[in-house]
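Try each one before you read its solution.

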Amino acid sequence: SRQTVAGPLTPVQNTLSTSVLQPLAQATAGTPLSGVVSCADFAVNGDALNIVNALANGIQGATQNPQAIANVAPQVQAQVQQLVADLQQLLSSLAGGAACNSSGSTTALSADPLAGTPLAPLSAALLPVLAQITAADQSGTPSLSQLAAQLSQISTAFNTAYAQLPSSATGAPVLGGVLLTLKGTVTSLVTLLQTAASGNSTTTIAALQSTVTTTLQNLLLNVLPINAIQTPTSSTAIY
C-alpha cells in the first residue's frame, strides 16, 4: 500500500492534488496524458514532497537529538521505493497503460513498453536503473547518502534519456512539462539528500527550501498547460 509522510507540506500536497492535478487528469481522460498527469501527482507532489516532509520532521527533532535527521532514512527509503515504482508506472502510462494509483501497486513489465516509439530512450535508460534499485532495496535500510546515490543513478539516466528525446515530446503540452519537472525534481532530491546526510541542520533547511520552491514552481508552471488550454486539440496528442 502507498505510504505518505505527514509534515509541513501536507496541506499544500492535498490542495495541489485535489484542486489542480487530479482535475487535469480527469480533463484528459481517455488519452495517455491522463496517466502522465496522475503519475506526476503521485511521484512529484507525493513521493518527492514526502521526502521533504520526512527531512523537515527530522530537522525539527535535531535540536533534541543530533541523529534525528539520519533517523528518518527508513521513511525516505520508502518514498524512494515508491518513486521508483511510480516512474516505472509512468513509462507504462506513456504507452497507454494504467496510470499511477492510490494503492501504489504497479504493473509488472514483461517488455519495454516504449520500444519503437519516440520516447524509447526514456525507458531504455530508466528501466535497468529502476530494476537495480528495486533489487538493492531488499537488503536493509540504506543511509541518506546511499539513498542520494540511488537517486543520482535515476537522475543520470533521466538526463541522458531526456537529451535524446525529440522536441515533439519535450515541447508537447503537459507531457513536456511533466518530463522537465521530473528531471528537475530528481536532481533537487539528490542535492537535498547529500546535504541532509551531512547532518547539518542549517544547510539542510536551505536545501529543503530550494527543493520545495523549484518543485512547486515546476508543477504549477510547467505541468499545467496554461498556453495550450485554449486549443482543445493540443491535449490529445502525446508525441
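**Exercise 1: salt bridges**

Asp86 and Arg2 pair up through their side chains in a salt bridge, with N to O at 2.9 Å. This is a predicted model, where local features need pLDDT of at least 70 and side-chain atom pairs count only at pLDDT 80 or more, while totals for chains, interfaces and linings use all residues. Residues are numbered from 1 along each chain as its sequence is written, and side-chain values use heavy atoms, leaving out hydrogens and water.

Task: work out where the two partners of this pair sit, and how many salt bridges there are by this rule (a side-chain nitrogen of Lys or Arg within 4 Å of a carboxyl oxygen of Asp or Glu).

Step 1. Asp86 lies in helix α3 (residues 73-94) and Arg2 in the segment before α1, 84 residues apart. Helices here are DSSP runs of H or I, at least four residues, numbered from the N terminus.

Step 2. The count is two salt bridges. Arg2 also bridges to Asp47, with the closest N and O atoms 3.4 Å apart. Asp47 belongs to helix α2 (residues 32-62), 45 residues from Arg2.

Step 3. Put together, Arg2, Asp47 and Asp86 form a salt-bridge network.

**Exercise 2: Ser123**

Task: decide whether Ser123 is buried or exposed (over 50%), and find what it touches.

Step 1. Ser123 is in helix α4 (residues 120-136). Its relative accessibility is 1%, so Ser123 counts as buried.

Step 2. Leaving out residues up to four places away in sequence, Ser123 touches Leu91, Asp112, Leu114 and Pro128, with contact meaning heavy atoms within 4.5 Å.

Definitions and conventions
Helices (H or I, at least four residues) and strands (E, at least two) are DSSP runs, numbered from the N terminus. Buried means under 20% relative accessible area, exposed over 50%, partly exposed in between (1.4 Å probe, protein chains only).
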